[in-house]
Amino acid sequence: MSEPILELENLTKVYPSGLKALDNVDLSIRKGEIFALLGPNGAGKTTLIGAVCGLVRVTSGTIRAFGDDLQHNWRDARRRIGLVPQEIGVDMFDTVERQVKYSRGMFGRGPDDARVDEVLRSLSLGDKKKEQVRKLSGGMKRRVLIAKALAHDPDILFLDEPTAGVDVELRRDMWRQIDGLRAQGVTIILTTHYIEEAEEMADRVGVIDKGRILLVDDKDAMMKRLGRTEAHFTLVQPITELPEWVDAEAVTLQDDGHTLAYRGGDGTGKGKAEVAELAQELARRGIAYSALDQKESSLEDIFVDLVERDHHATEHAA
C-alpha cells in the first residue's frame, strides 16, 4: 500500500450562517492513486478541495500534505498542488499561452517555454496558444484550466467537476490525459457528477454527504461488498400475493401483481444464482413469465443508496 500523500484529520468548516460544510472529516489519500469524491450538490466536496488548496479557512482540524502541516508550511506545499476548478475563471482577453505561463510563474516555477508547449500540445491546445481565451469553445476553455493547473508540474491534482459541460469526445480526451498523469505518478482527486467515469477510472471512492464522509473504500471492494443483483420477472398472469415458498425479504410484488421483483446478493455472484433458482422454481410450479430483466448494481446505484440511507437516518434523528 502506498504511503499517504495527503491526510485530513477532524477537518471542520462552519460558516458564519451556522452552515456546517465539513463535519470532522478524516481522509487519507495515497500517493499515485485516482481518488473519486462523490456526493450530492452541497455535500461539501468543493469546500474540502478549497480547504486543501488554501481557498477556504477551516474552523478546526489538520491538513498534512507531503508530510508537512499546511498550517505551518503552506506556501511550499501549495506549489505542489494543482487545481482545476468548476468555474472558468481566466482572463478571457488574454492568450492561452500567456495564461498558462502566468499560472506557472504564480506558483514559483521559472520560465520554461518548452514545458508550456508540451502541456498545451498534450491537451490539443498547441495550435490555439496565440488565441484569446474568449474565442475558444467551452470544452477548450476547460482544457485551458487543466493546462494552467499542470503548468507548475503538481504532485497532487484536484479536478472539481472537470468534464461538466464538455461533449463526449472531449471528455474521453481529458480522461486519456488524466490516465497519462497517473502513469507519471501524479495523485489525482476528482469530483464528478458522471459517476460512470469514477467507476471506470478511480482506484478508491469516497462518499460525502452533509459535510460527513459516509464511506471510503477501494472501488472493487465496495462494488463487491455493497453490490446487488436486481431482477424483474414480467408475469403472464398477475398474482395477488407472494407464494409462501418465496423469500419475502428479497422478492416483492409490483405493478399490481404483474411483476415479481428480486433484489439481493452481495456482489459476489450470489444474486445471479438466486435469480436462476427463482426462475427454475417459477417454471417448476407453472408460474409463467414473458420477460426477465436482470442487472448488477453500478457504482451510481451504490452511491444513491448510501445517500438515501443517510438522509433517512438524519430525518429520523431529527
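Q: For the lining of the second largest pocket, how do the residues divide into nonpolar, polar and charged?
A: Nine are nonpolar, four are polar and three are charged. Keep in mind that this is a predicted model.

Q: What volume does the second largest pocket have?
A: Its volume is about 290 Å³.

Q: And which residues lie nearest its centre?
A: Leu-83, Pro-85, Ser-103, Met-106 and Lys-148 do, out of 16 residues that line the second largest pocket.

Q: Which elements give two or more residues to that lining?
A: Strand S6 (81–84), helix H3 (96–106) and helix H5 (138–150).

Q: OK, now the largest pocket. How much space lies in it?
A: About 350 Å³.

Q: Which residues line the largest pocket?
A: Ala-51, Gly-54, Val-56, Arg-57, Val-58, Gly-61, Thr-62, Ile-63, Asp-69, Leu-70, Gln-71 and Trp-74. By class, six of the lining residues are nonpolar, four are polar and two are charged.

Q: Where does the largest share of that lining come from?
A: From S4, which gives three residues.

Q: S4 is in a sheet, I take it. What is the strand order there?
A: The order is S2-S1-S4-S5, in an open sheet of four strands with antiparallel pairing. Strand S2 (20–30) and strand S5 (68–69) each have a single partner strand, so they stand at the edges and one side of each has no neighbour in the sheet.

Q: How many bridges join S1 and S2?
A: Seven, with strand S1 (residues 4–14) and S2 paired in the antiparallel sense. As an example of residues facing each other across the two strands, Pro-4 is opposite Arg-30 in S2.

Q: Which helix lies across S1 and S2?
A: Helix H1 (residues 45–52), which also lies across strand S4 (60–65). H1 runs at about 115 degrees to S1.

Q: Back to H5. At what angle do the axes of H5 and H6 cross?
A: At roughly 10 degrees, and the axes of H5 and helix H6 (residues 168–183) come within 11 Å. Because of that angle, H5 counts as roughly parallel to H6.

Q: Which residues in H5 meet H6?
A: Gly-139, Met-140, Arg-142, Arg-143, Ile-146 and Leu-150 in H5 meet H6. On the H6 side, the residues are Leu-170, Asp-173, Met-174, Gln-177 and Leu-181. By class, the contact of H5 with H6 has six nonpolar, two polar and three charged residues.

Q: Next, the sheet with S11 in it. What order do its strands have?
A: S12-S13-S11-S14, again an open sheet of four strands with antiparallel pairing. Strand S12 (251–254) and strand S14 (289–296) are at the edges with a single partner strand each, so one side of each is left without a neighbour in the sheet. From one strand to the next, the twist averages 20 degrees.

Q: How many bridges pair S12 and S13?
A: Four, and S12 pairs with strand S13 (residues 259–264) in the antiparallel sense. Thr-252 has Ala-261 in S13 as its bridge partner.

Q: What packs on that sheet?
A: Helix H9 (residues 270–284) does, touching strand S11 (229–235), S12, S13 and S14. The direction of H9 makes about 15 degrees with that of S11.

Q: Last one: how many residues lie between the strands in the hairpin of S12 and S13?
A: Four, and in that hairpin Asp-255 takes a positive phi near 55 degrees.

Definitions and conventions:
Residues numbered from 1 in each chain as written. Predicted model: local features only at pLDDT ≥ 70, side-chain atom pairs only at ≥ 80, totals over all residues. Heavy atoms only, no water. Pairing = 2+ DSSP bridges. Contact = heavy atoms within 4.5 Å. Axes fitted to C-alpha atoms, helices over the stretch in contact; angles between N-to-C directions. 1 Å grid on protein atoms, 1.4 Å probe; cavity = no way out; pocket = protein on both sides within 12 Å on 5 of 7 lines; lining within 4 Å. Points joined across faces, edges and corners; volume = space filled by probe spheres on them. Nonpolar A, V, L, I, M, F, W, Y, C, P; charged D, E, K, R; others polar. Parallel < 35°, antiparallel > 145°, perpendicular 65-115°, else oblique.
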